[in-house]
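Please walk me through this structure in plain terms. I would like to know how the chain is built and how its parts meet.

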Amino acid sequence: MALENQRLSPDERADLVAYLDGELEEPGRSAIATKLAHSATARRELDALKRTWEMLDHLPRIEASEELGTRTITEALQLVTHEDRIAGTAGLWVRRIKRASVLVLAFVGAFAAGFILMRHVWPNPTAELARNLSIAEHLEEYRSVGSFEFLEILEHAPPF
């Protein structure tokens, strides 16, 4: 893309207000300045932002009354006082809920540990028997062999 048509990147666009206010630090400031010097498209984006800020200056400004500040502070103090009154009984319930939560978490942890132990650590005799069923079915034949060395010799022996 030609330098004169380069647009500002999303990051540069996000930093544009700080650039205009002189608050953007290096290397962002010099990157935007370079792009603005070479790109008419980037300069149009900057001009559009400046015009937007100028239009905001023409909007009517609403002044808050002194009564609003007084009323806000009074209501906030009433709310704090009300919360302090209910904190006595609420604090008791909060402690009870915390204790119940700890007990539930301990129970769930113990259950999970037991489940993991039963599935992965302690062998299940029925599952072990099912895995070794063919050995159990031919146990008498294996006993007549006598040793594992003989079976290894048979395994590597050429077929008849």
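**A reading of the model**

V108 is partly exposed, with a relative accessible area of 48%; partly exposed is the range between buried (under 20% relative accessible area) and exposed (over 50%), found with a 1.4 Å probe and protein chains only. V108 sits in helix α5, which covers residues 66-121. Helices here are DSSP runs of H or I with at least four residues, strands are runs of E with at least two, and both are numbered from the N terminus.

This is a predicted model, in which local features need pLDDT of at least 70 and side-chain atom pairs count only at pLDDT 80 or more, while totals for chains, interfaces and linings use all residues. Residues are numbered from 1 along each chain as its sequence is written, and side-chain values use heavy atoms, with hydrogens and water left out.

V108 belongs to a nonpolar patch on the surface, together with V104, F107, F111, F115 and I116. The accessible area of these residues together is about 660 Å², computed by the Shrake-Rupley method with a 1.4 Å probe, where only the protein chains shown count as cover for residues. Patches are made of residues with over 30% relative accessible area and no salt bridge; nonpolar side chains (Val, Leu, Ile, Met, Phe, Trp, Tyr) are joined within 5 Å, and like charges within 9 Å.

The chain as a whole has nine helices and zero strands, so its pattern along the sequence reads α-α-α-α-α-α-α-α-α. Buried residues make up 8% of the 160 residues. The chain exposes about 14100 Å², and carbon and sulfur atoms supply 63% of that area. Contact means heavy atoms within 4.5 Å. Of the contacts with a separation of 6 or more, 56% are between residues 24 or more positions apart.

What does the largest nonpolar core consist of? It has seven residues: L8, L16, L24, I32, L36, A42 and L46. The elements that give two or more residues to this core are α3 and α4. A nonpolar core is a set of buried Ala, Val, Leu, Ile, Met, Phe, Trp, Tyr and Cys residues joined through side-chain atoms within 4.5 Å. In soluble globular proteins, nonpolar side chains tend to be buried together. Leaving out residues up to four places away in sequence, L24 touches D15, A18, Y19, R29 and I32.

Charged pairs come next. A search of the whole structure finds four salt bridges, a salt bridge being a side-chain nitrogen of Lys or Arg within 4 Å of a carboxyl oxygen of Asp or Glu. In one of them, E45 meets R7 at 4.0 Å, N to O. Because E45 lies in helix α4 and R7 in the segment before α1 (10-14), this pair ties together parts that are 38 residues apart in sequence. E45 is buried, with a relative accessible area of 15%, whereas R7 counts as exposed at 52%.

E45 also forms a salt bridge with R13, at 2.8 Å, N to O. R13 lies in helix α1 and E45 in helix α4, so the pair ties together parts that are 32 residues apart in sequence. R13 is partly exposed, with a relative accessible area of 36%. Salt bridges that share partners join R7, R13 and E45 into one network.

A further salt bridge pairs K35 with E12 at 3.0 Å, N to O. K35 is in helix α3 and E12 in helix α1, so this pair ties together parts that are 23 residues apart in sequence. Both K35 and E12 are buried.

Some details around α3 remain. P27 lies in the loop between α2 (16-20) and α3, and the peptide bond from E26 to P27 is cis, with omega near 0 degrees. Within helix α3, A37 is exposed, with a relative accessible area of 58%. A37 and E4 are 33 residues apart in sequence, and their C-alpha atoms are 8.9 Å apart in space.

Is S39 buried or exposed? S39 is buried, with a relative accessible area of 1%. The side chain of S39 reaches the backbone oxygen of Q6 at 2.4 Å. A polar contact is a pair of N or O atoms within 3.5 Å; within protein, one must be able to donate a hydrogen and the other to accept it, and residues adjacent in sequence count only if both atoms are side-chain atoms.
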